[in-house]
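Subject: Structure handover

Hello,

Here is the structure you are taking over. Please open it first, then read the notes below it.

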Amino acid sequence: MANMKMTKTPMPEQDPKVRARNFKEVTLGYTAEMAIEEANRCLGCKKPMCVQGCPVNVRIPEFIKKVQEGDFKAAYEIITSTNALPALSGRVCPQETQCECRCVRGVKGEPVAIGRLERFVADWYRENINAMPEKVESNGIKVAVVGSGPAGLTCASDLAKKGYKVSVFEALHTAGGVLVYGIPEFRLPKAIVANEVTKLEALGVEVMTNMVIGRVLTIDELFEMGYKAVFVGSGAGLPMFMNIPGESLKGVMSANEYLTRTNLMKAYSEEADTPVIKSKAVAVVGGGNVAMDAARCAMRLGAEHVYVVYRRGEAEMPARLEEQHHAKEEGIEFKTLCNPLKIVGDENGRVCGMECIRMELGEPDASGRRRPIAIEGSEFMLEVDTVIMSLGTSPNPLIRSTTPGLDTNRKGCLIVDENEMTTREGVFAGGDAVTGAATVILAMGAGKKGAEAIDAFLNK
Amino acid sequence: MYKIVHKKELNPSVTLMSIEAPFIARKAKAGQFIIFRVDEMGERIPLTIAGTDPEEGTVTIIFQKVGFSTIALGALNEGDYIQDFVGPLGKPTPVEGKKKVCVVGGGVGCAIALPSATGFKKAGAEVTVIAGFRSKDIVILEDEFKAVADRFIMMTDDGSYGRHGLVTEPLKELLEAGETFDEVLAIGPVPMMKFVAKTTEPYGIHTSVSLNPIMIDGTGMCGGCRVTVGGETKFACVDGPEFDGHKVDFAELMSRNATYRGREAEVTANHTCRIEKMGKELIK
């Protein structure tokens with residue numbers, strides 16, 4: 001019997017006041033009963049639009065049907081036939097712009113909570129079965145994957161399942177890329193990422209950390225070592241700054257630095273040696289998901305006031321609505337239509353304030369969003385001791401500058417053809433290294449496509 | 001995990017270690033650096049490479065036990081392992097095409113000035129080395145420098161060895177006497193590098209300084225190591241670590257390097273050893 005409730009079955013979460021001061025996961029996930037109740041809202045459309053919206057084409061109505069029947073193991077197997085990392089995508093995918101926005105139940109009322117169901121199934125499997133995948137018979141062909149973020153992990157997993165001998169090269173000391181250095185523990189527990197890496201190793205994939213490709217080995221050297229194809233999923237890690245006065249003061253940093261200190265280096269823990277600045281009042285400049293993550297980390301690290309400073313309006317904010325909503329619940333103050341002019345320091349060179357100007361929206365610009373225009377004479381001082389720049393990132397130049405024949409566009413993104421192959425024969429790429437900063441699921445989709453293309457290339 | 005295959009105390013506060021890291025040993029060039037992490041909860045600390053042995057597959061680092069993590073590293077012994085060791089990072093010293101070079105090292109900075117001096121020599125340059133130390137008892141690598149340098153000048157702050165005075169004094173004398181260099185490379189404490197750059201500036205001699213700002217990833221990702229050079233923001237980890245000493249904003253660098261100084265002192269004073277704690281819990 002279909003559940004005709006207009007709204008999603010709510011997912012339990014930590015109380016905002018409590019969670020704003022801890023790093024435990026915010027949302028707690030469905031129980032089996034809740035999952036079945038929500039699964040019953042799915043009408044099992046003959047022509048499922050949701051599947052088309054998914055970058056990895058998860059067979060959504062099919063897995064939901066298994067959840068309805070309480071056969072969570074079968075549901076897991078259906079999901080993982082196209083999506084290697086459901087515990088991750090169930091948590092961090094923007095479902096509202098991909099699968100859920102196409103759900104017929106969303107026409108009147110809320111769509112089926114596809115993301116929550118995917119997460120439930122993945123968590124249930126990890127907690128109850130967590131069988132390690134079995135090694136596929138090796139075809140002996142070596143493929144190198146550069147970067148262990150969502151693109152690299154997906155590509156490596158798919159190639160290993162096809163029998164390739166895959167080595168993943170990660171520059172940092174822990175595998176996971178943005179999943180470990182960027183996305184905070186309270187949105188994506190690191191144990192889940194580590195479990196995915198363990199599964200990859202069970203498939204026979206060699207994961208080598210502390211290997212900065214472009215420095216310790218070049219792409220050409222990888223070929224010399226016998227790798228027959230290379231997939232570059234090195235992400236977009238280069239942070240941007242505003243180039244306003246005061247950005248070199250103590251207390252100004254990129255969101256990458258703040259999040260890396262907090263997440264990868266675990267600076268929130270007393271046990272960790274890496275310090276992170278203890279702030280009273282923090283301004284996070286920018287309006288994306290990374291800005292929300294940085295702001296929510298700042299709150300959890302004990303700041304009294306955390307401001308998100310964004311030059312356009314709230315409607316134009318690129319951050320997911322859910323992230324904005326969670327941030328506000330936790331006490332983060334939004335200063336929209338507000339642009340920093342300069343950062344002011346005290347006699348010791350530490351930040352003591354940020355001068356801003358109010359903005360109004362004019363005509364739409366090239367991005368289709370209304371252009372923000374400064375309101376003359378509206379300058380004011382925001383009293384903060386920390387400024388976190390979250391203005392976006394661009395691809396790291398390390399690989400393109402050390403690999404002859406690898407062409408990039410004006411923004412430094414690798415150019416690929418319809419088969420994800422770069423301008424170098426046998427070198428494929430995907431994820432943020434190609435698109436510029438985007439989402440985890442798009443990177444996973446690119447990793448998947450890259451694996452298929454590499455397989456086709458090597459079987460030519 | 002990376003094995004410590006050799007350890008030697010060069011003076012009471014400076015230690016030499018050779019670490020098993022064959023990939024890095026094969027690739028590293030003078031002027032590049034590594035990042036190490038002692039254990040699972042450790043910081044990532046950059047250190048410029050003091051030497052490599054590609055045959056043996058080892059990388060040599062020479063470090064002063066000044067901060068929390070260098071003290072922890074110094075407490076380990078031959079046969080022990082460290083958690084992480086990554087490199088080679090940064091750009092190498094451009095040693096090619098120079099006829100006459102002066103390398104100025106200060107204190108533990110001499111450890112990383114040596115491979116660059118050797119690099120210049122191998123590339124065919126005539127090399128003058130000026131090495132400065134606080135006093136005689138902390139002098140390191142004297143024989144090694146003498147073996148490489150065409151001219152070697154030893155300076156101590158207190159006059160207990162070599163000439164009495166700062167490294168800038170003989171440099172200034174040489175320049176005043178009409179000596180010219182294609183390149184001066186200064187590696188040492190920030191104030192020393194600043195004054196070496198000041199000394200050469202009136203003579204228009206290109207002067208490089210090797211910077212070691214606060215850093216996390218070392219691959220251009222965090223921007224923590226940003227320095228202002230000629231009015232432009234540069235990342236020391238990917239654009240450096242060597243920069244034009246006449247253009248570096250040294251005051252800003254010194255200020256930024258002090259970002260976590262208060263916290264470091266606090267931690268070093270209050271730290272309880274994790275291994276000790278683990279041991280106690282095991283006994284319980």
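Start where the two chains meet. The contact takes 43 residues from chain B and 44 residues from chain A. Keep in mind that this is a predicted model. Together, chain B and chain A bury about 3,600 Å². Carbon and sulfur atoms account for 54% of that area.

How many salt bridges are there between chain B and chain A? The count is one. A:E221 and B:K27 meet through their side chains in a salt bridge, at 2.7 Å from N to O. Over all chains, a search of the whole structure finds 41 salt bridges.

Another salt bridge to look at joins the side chains of A:E323 and A:R187, at 3.4 Å from N to O. This pair links distant parts of the chain, 136 residues apart. A:E323 sits in helix 14 (residues 321–329) of chain A. A:R187 sits in the loop between helix 9 (178–181) and helix 10 (190–202) of chain A.

Helix 4 and helix 5

Helix 4 (residues 60–68) of chain A packs on helix 5 (residues 72–80) of chain A at an angle of about 170°. Their axes are 7 Å apart. Angles over 145 degrees count as roughly antiparallel, so helix 4 of chain A is roughly antiparallel to helix 5 of chain A. From helix 4 of chain A, the contact uses A:E62, A:F63, A:K66 and A:V67. From helix 5 of chain A come A:F72, A:A74, A:A75, A:I78 and A:I79. By class, this contact of helix 4 with helix 5 of chain A has seven nonpolar, no polar and two charged residues.

Helix 8 and helix 16

Helix 8 (residues 150–161) of chain A packs with helix 16 (residues 440–458) of chain A at an angle of about 35°. The axes are 7 Å apart. The crossing of helix 8 and helix 16 of chain A is right-handed. On the helix 8 side, the residues are A:P150, A:A151, A:T154, A:C155, A:D158 and A:L159. They meet residues of helix 16 of chain A, among them A:V440, A:M444, A:K448 and A:I454. The contact of helix 8 with helix 16 of chain A divides into nine nonpolar, three polar and two charged residues.

Helix 12 and helix 13

The axes of helix 12 (residues 255–264) and helix 13 (residues 289–300) of chain A come within 10 Å and cross at roughly 50°. Helix 12 and helix 13 of chain A are therefore oblique to each other. Their crossing is left-handed. Helix 12 of chain A brings A:A255, A:Y258, A:L259, A:T262 and A:N263 to the contact. Helix 13 of chain A brings A:V290, A:D293, A:A294, A:C297 and A:A298. The residues of this contact of helix 12 with helix 13 of chain A are seven nonpolar, two polar and one charged.

Last, some backbone details.

Which peptide bonds are cis? One runs from B:G87 to B:P88, with omega near -10°. B:P88 is in strand 8 (residues 84–89) of chain B. Another runs from B:G240 to B:P241, with omega near 15°. B:P241 lies in the loop between helix 7 (236–239) and strand 17 (242–244) of chain B.

In chain A, look at A:N243. A:N243 is not a glycine, yet has a positive phi of about 60°. A:N243 is in the loop between strand 5 (238–239) and strand 6 (252–254) of chain A.

Best wishes

Methods: Residues are numbered from 1 along each chain as its sequence is written. Chains are lettered from A and ligands numbered from 1 in the order in which they are written. This is a predicted model: local features need pLDDT of at least 70, side-chain atom pairs count only at pLDDT 80 or more; totals for chains, interfaces and linings use all residues. Side-chain values use heavy atoms; hydrogens and water are left out. Axes are lines fitted to C-alpha atoms, for helices over the stretch in contact, and angles run from 0 to 180 degrees between N-to-C directions. Helices (H or I, at least four residues) and strands (E, at least two) are DSSP runs, numbered from the N terminus. Angles under 35 degrees count as roughly parallel, over 145 as roughly antiparallel, 65 to 115 as roughly perpendicular and the rest as oblique. A crossing is left-handed if the near helix is turned anticlockwise from the far one by less than a right angle, and right-handed if clockwise. Contact means heavy atoms within 4.5 Å. Ala, Val, Leu, Ile, Met, Phe, Trp, Tyr, Cys and Pro count as nonpolar, Asp, Glu, Lys and Arg as charged, and the others, Gly among them, as polar. Buried area is the accessible area (1.4 Å probe) that two parts lose on being put together, summed over both. A salt bridge is a side-chain nitrogen of Lys or Arg within 4 Å of a carboxyl oxygen of Asp or Glu.
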